[in-house]
Structure formats: structure tokens, C-alpha cells
Amino acid sequence: MFVGLLVGFLFSSQIVLAEMSVTPFIPKGEYQFTDQIELLTAIEYVNVSSLNEAGRARIEQLKSRGYSCRKAQNRWFQCRRAGHVTALPTQVRANAMALNQNMRLIFSAAGGVPELETNGDIYKDWSTTETVTFGTRIFSGYITRLVHGRFQIVIGGMGEAADLTFLVNEHSLLRFYEQTVHSKDGWIRYSTAAVYQSWPVNYNLSSLYM
């Protein structure tokens, strides 16, 4: 589910690979948090009962406002829409900032040696064994994942859960983070990315192609 969610994100600057036979992205050196938090998506959710006329009218009203509605359970419908919320609430930004403030992600300067672990049609995984440091945490490696032509870096060796996923975006890594904000009508799920800049810049796009 997590992999599928990330596939849907589109960036103004993104790496799209023309060939499926590719060399995996290899991060090198240090990436520093830039104090930038980007809004990737904001999905609005509303649950409505169809038990009475008012509820059924509410569902039709939400549809007219761009929501897609489907039956969730019994006579309850879940309606959702994306693309209408473009501003990141102050508290959501503050929460993301608190998780990343003064953080650094450090790989070996030379780069590790990736080994292909999964060679599927939907995604490919390479594992790399090397010491990776994130803040005060130390890991034994990372996974490079290629999904629909876009690279992700999942910190932690095989079987080592870390819950740290970064999206590769030119000369930066974007740390994915989700937050949910509730209201009287429903809730909004914000997907954000904390920008970690390579310093100094240590790779170029041509290295991602055969």
C-alpha cells in the first residue's frame, strides 16, 4: 500500500527513466535538511449516511463539488477529492519541521555496491550494505526501489525496519511524511516531503541511465 501511494506523486522536477534496464541510483555523502517542507497531496474525506433523504442529498452535493463517493459499509458512503487544498496548515508544517530540524542523512562518500533483490514488473529492489547515519540513528544499509520509473531510498537493511523513505528528486532526497487533520465534516490527509539537499552535489541525472 505504501509503495502504491508513492507511485501517484508527481513532481515539477522528477526523474523519469526511458528504459527499464537501469543502473540503480546510489546516494553518496551527506544530505542536509534545507528547512523546506513541500506539500505533495492533500486528500479530503467525508463520511455520509445514505439512510435518509438529507444524507442522499449531501452525497449528490459532494459529487457536484468534485468528490468521488463509494459505499464503505452498510449505508455509509465515503467521499473523497484531491487537488482542492493547496496550502499547508501551520501546525502540519510545524510537525514536519520538528521531525527534520537539523537532521543529516549520511552515506559513504564512495557509495555502496547494490545487489538486485527483487526484479519484478511493477518494481525493482536493490539492497546495499553500508553504514548509514540519520541523526543519532545508525543503520546497516538501505534499499533502492524503482517504481514506475522513479527511484526511492528506503533506509534500513533487509529485515531492518526504519520507517524512513526518501523520494529521489534531482539533487535532493524528499522524506515522505503523512499527517491527518480532523474537522467536523471529515478529515484531510496531508502528504508532505522534507527536502534534503546533497552537499556538495554528488551525482547527475546521466548516471541514472544505461
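## Asn 74 and the β2–β3 loop

At 63% relative accessibility, Asn 74 counts as exposed, since the threshold for that class is over 50%. This value, like every other in this report, comes from a predicted model. Asn 74 is placed in the loop that runs between β2 and β3. Its phi angle is near 50°, a positive value in a residue other than glycine.

A positive phi also occurs at Asp 35, where the angle is near 70° and the residue is again not glycine. Asp 35 belongs to strand β1. With a relative accessibility of 44%, Asp 35 counts as partly exposed.

## Overall architecture

The protein contains 3 helices and 11 strands. Along the sequence these elements follow the pattern α-β-α-β-β-α-β-β-β-β-β-β-β-β.

Of the 210 residues in the protein, 43% are buried. The accessible surface comes to about 11600 Å², and carbon and sulfur atoms account for 51% of that area. Among contacts with a separation of 6 or more, 61% are between residues 24 or more positions apart.

## The disulfide

The count of disulfides comes to 1. The bond joins Cys 69 to Cys 79, with an S to S distance of 2.0 Å.

Cys 79 has a relative accessible area of 0% and is buried.

## Helix α2

Helix α2 comprises 12 residues (residues 53–64). At 1.5 Å a residue, helix α2 should span 16 Å, and the 17 Å between its end C-alpha atoms agrees with that expectation. Three residues of α2 are buried, namely Gly 55, Ile 59 and Leu 62. Viewed down the axis of α2, the buried residues fall within an arc of 65°, so they line one face of the helix. The elements that cover these buried residues include β1, β2 and β3. On the other side of α2, Glu 53, Ala 54 and Ser 64 are exposed.

Within helix α2, Ile 59 has a relative accessible area of 5% and is buried. Beyond its neighbours within four places in sequence, Ile 59 is in contact with Val 48, Ser 50, Cys 69 and Phe 77; of these, Cys 69 is one partner in the disulfide. Ile 59 and Gln 78 are 19 residues apart in sequence, and their C-alpha atoms are 9.1 Å apart in space.

Which residue of the loop between β1 and α2 is considered here? It is Leu 51. Leu 51 has 56% relative accessibility and counts as exposed. Leaving aside neighbours within four places in sequence, Leu 51 is in contact with Arg 56 and Arg 75. The C-alpha atoms of Leu 51 and Trp 76 are separated by 8.0 Å, although the two residues are 25 apart along the chain.

In soluble globular proteins, nonpolar side chains tend to be buried together. The largest nonpolar core here has 30 residues, among which Leu 105, Phe 107, Ile 153, Ile 155, Phe 166, Leu 173 and Tyr 196 touch the most other members. The elements that each give two or more residues to this core are β1 (30–49), α3 (90–100), β6 (123–134), β7 (137–147), β8 (150–155), β9 (165–169) and β11 (186–199).

A second, separate core has 7 residues, including Val 46, Val 48, Ile 59 and Cys 69.

## Thr 192 in β11

Thr 192 is found in strand β11. With a relative accessible area of 1%, Thr 192 is buried. Apart from neighbours within four places in sequence, Thr 192 is in contact with Ile 37, Glu 38, Leu 40, Leu 88, Val 92, Ala 96, Arg 175, Phe 176 and Tyr 177.

Methods:
Residues numbered from 1 in each chain as written. Predicted model: local features only at pLDDT ≥ 70, side-chain atom pairs only at ≥ 80, totals over all residues. Heavy atoms only, no water. Disulfide = S-S within 2.5 Å. Buried < 20%, exposed > 50% of the residue type's maximum accessible area, 1.4 Å probe, protein only. Core = buried A, V, L, I, M, F, W, Y, C linked by side-chain atoms within 4.5 Å. Helix = DSSP H or I, 4+ residues; strand = E, 2+ residues; numbered from the N terminus. Contact = heavy atoms within 4.5 Å. Areas by Shrake-Rupley, 256 points an atom, 1.4 Å probe, with all protein chains shown as cover. Expected span 1.5 Å × (residues − 1). Arc of directions from axis to C-beta.
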